[in-house]
Amino acid sequence: MKPKIVVTRQMTQAVMERIASDFDAILPPPGGMNPDQVLLALEESGAPGLLFNGGTRFDATYVARLPETLKVAASCSVGFDHVDLASIRDKGFIVTNTPEVLDNSVADFAFLLLLASARRLHEYDLTIREGWSRYFGVSEFLGNDVAGKTLAIVGMGRIGQALARRAQAFDMKVIYHNRRKLLAAAEHGATYCASLQELLPQADFLSLHAPATPETTNLLNAETIARLAKGAIVINTARGSLINDDALIAALQSGKVRGAGLDVFNGEPKIDPRYASLKNVILAPHMASATEETRTAMGMLCLDNIAAVLSGKAPLTQI
Ligand code: DGY
């Protein structure tokens with residue numbers, strides 16, 4: 001008999017094909033299942049497996065309502081700030097995530113935001129769309145080179161390291177801050193700063209890669225922004241909670257922060273509307289891992305985890 005699972009959202013075609021061949025699945029409606037629909041599907045089917053993502057928040061109240069039949073929930077994400085680990089431990093089922101398979105994709109996107117911000121690509125694009133009327137003079141509307149500039153990475157996990165490698169290929173100097181200094185092999189030539197205070201003033205570009213935790217909430221705030229050199233560019237592909245929006249928006253308006261590339265926001269998908277009125281910000285709707293290849297790899301890893309647990313084996317990537 002095929003293992004029974006609930007799938008909360010449409011996955012890539014390759015993943016849907018494997019679901020159809022290897023699982024007895026309760027599939028989502030076109031817009032995905034809302035949290036109540038997920039509960040209902042789990043209760044009615046008694047499925048021991050669940051494939052979900054950040055759209056279903058596993059907070060303590062929600063976890064308490066999950067049926068005892070649930071044995072493994074695979075989150076199609078590397079981040080797990082939508083999951084209350086203590087309640088899951090008490091409830092006694094396994095939750096997995098998707099580390100490693102999205103490192104390159106997210107690092108590519110962070111570097112894309114960095115380069116596009118430095119070179120003002122979104123402003124150029126807008127200029128054409130709004131009606132390009134004249135050639136710009138040689139000293140007008142200029143961006144900046146990234147070669148020779150310093151990229152400061154906060155959170156030097158696998159994605160931070162992948163970004164460091166990309167930056168070095170573009171002749172940037174890379175510095176990083178992390179809870180602890182990494183072994184030399186994992187530093188990829190980057191220089192460790194023991195504190196944010198030491199890191200921030202050196203940054204031409206600041207890229208955030210720390211998880212969303214109580215410690216990292218509002219990590220970028222009025223006080224830390226004040227420590228940045230004037231004209232720094234901020235990139236965030238981690239989580240919106242790392243940034244205090246009032247502080248960043250004020251800094252973008254004043255020019256203290258020259259530009260920002262943001263893929264993640266507080267209160268997604270209802271973001272602070274002031275961002276949309278700022279020309280020096282590039283905005284993306286939480287898409288850093290959104291490639292066919294990476295989303296397929298993430299979905300396959302979820303299915304590998306579910307299949308392992310439901311056949312009595314250890315999960316591959318338990319949170
Ligand atoms: C992740 O994998 O955590 C991405 O941010 C998508 O949620």
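Which residue forms a salt bridge with Glu140, and how far apart are the closest N and O atoms? Select Arg134: Glu140 pairs with it, and the closest N and O atoms are 2.6 Å apart. A salt bridge here is a side-chain nitrogen of Lys or Arg within 4 Å of a carboxyl oxygen of Asp or Glu.

Before moving on, note that this is a predicted model, where local features need pLDDT of at least 70, side-chain atom pairs count only at pLDDT 80 or more, and totals for chains, interfaces and linings use all residues. Residues are numbered from 1 along each chain as its sequence is written, and side-chain values use heavy atoms, with hydrogens and water left out.

**Stop 1: the opening pair**

Stay on Glu140 and Arg134. Glu140 is partly exposed, with a relative accessible area of 31%. Arg134 is partly exposed as well, at 42% relative accessibility. The classes are these: buried is under 20% relative accessible area, exposed is over 50%, and partly exposed is in between (1.4 Å probe, protein chains only).

Now select Arg18, Asp22 and Asp304. Salt bridges that share partners join these residues into one network.

**Stop 2**

The whole structure holds 15 salt bridges. Side chains of opposite charge can pair when their charged atoms come close.

Select Glu68 and Lys91. They form a salt bridge, with the closest N and O atoms 3.6 Å apart. This pair links distant parts of the chain, 23 residues apart. Glu68 sits in the loop between helix 3 (60-65) and strand 4 (72-75), and Lys91 in helix 4 (residues 85-91). Helices (H or I, at least four residues) and strands (E, at least two) are DSSP runs, numbered from the N terminus. Glu68 is exposed at 58% relative accessibility. Lys91 is partly exposed at 21%.

Next, select Asp103 and Arg158. Their salt bridge also has its closest N and O atoms 3.6 Å apart. Asp103 lies in helix 5 (residues 103-118) and Arg158 in helix 7 (residues 158-169), so the pair ties together parts that are 55 residues apart in sequence. Asp103 is buried, with a relative accessible area of 11%. Arg158 is partly exposed, with 40%.

**Stop 3: Arg166**

Stay in helix 7 and select Arg166. Arg166 is buried, with a relative accessible area of 17%. The side chains of Arg166 and Asn104 make a polar contact at 3.0 Å. A polar contact is a pair of N or O atoms within 3.5 Å; within protein, one must be able to donate a hydrogen and the other to accept it, and residues adjacent in sequence count only if both atoms are side-chain atoms.

**Stop 4: the ligand**

Center on the ligand. Which residues surround the ligand? Select Ser77, Val78, Gly79, Leu102, Arg239, His286 and Met298 (each with a heavy atom within 4 Å of the ligand). This shell divides into 3 nonpolar, 3 polar and 1 charged. In that count, Ala, Val, Leu, Ile, Met, Phe, Trp, Tyr, Cys and Pro are nonpolar, Asp, Glu, Lys and Arg are charged, and the others, Gly among them, are polar.

A polar backbone atom of Gly79 is 2.8 Å from an oxygen atom of the ligand. An N or O atom in the side chain of Arg239 is 2.8 Å from a ligand oxygen. For His286, a polar side-chain atom lies 2.7 Å from an oxygen atom of the ligand. Taken alone, the ligand exposes 230 Å², and the protein buries 83% of that. Accessible areas come from the Shrake-Rupley method with a 1.4 Å probe; for residues, only the protein chains shown count as cover.

**Stop 5**

Keep His286 selected. Its phi is positive, about 55 degrees, although His286 is not a glycine. His286 is found in the loop between strand 12 and helix 12 (292-310). At 31% relative accessibility, His286 is partly exposed.

Go to His188. Phi is near 50 degrees there, a positive value in a residue other than glycine. His188 lies in the loop between helix 8 (184-187) and strand 8 (191-192).

Then select Glu268 and Pro269. A cis peptide bond joins them, with omega about 5 degrees. Pro269 is in the loop between strand 11 (257-262) and strand 12 (281-283).

**Last stop: a surface patch**

Select Ile128, Trp132, Tyr135 and Phe136. They make a nonpolar surface patch of about 510 Å². Patches are made of residues with over 30% relative accessible area and no salt bridge: like charges are joined within 9 Å, nonpolar side chains (Val, Leu, Ile, Met, Phe, Trp, Tyr) within 5 Å. Ile128 lies in helix 6 (residues 121-129).
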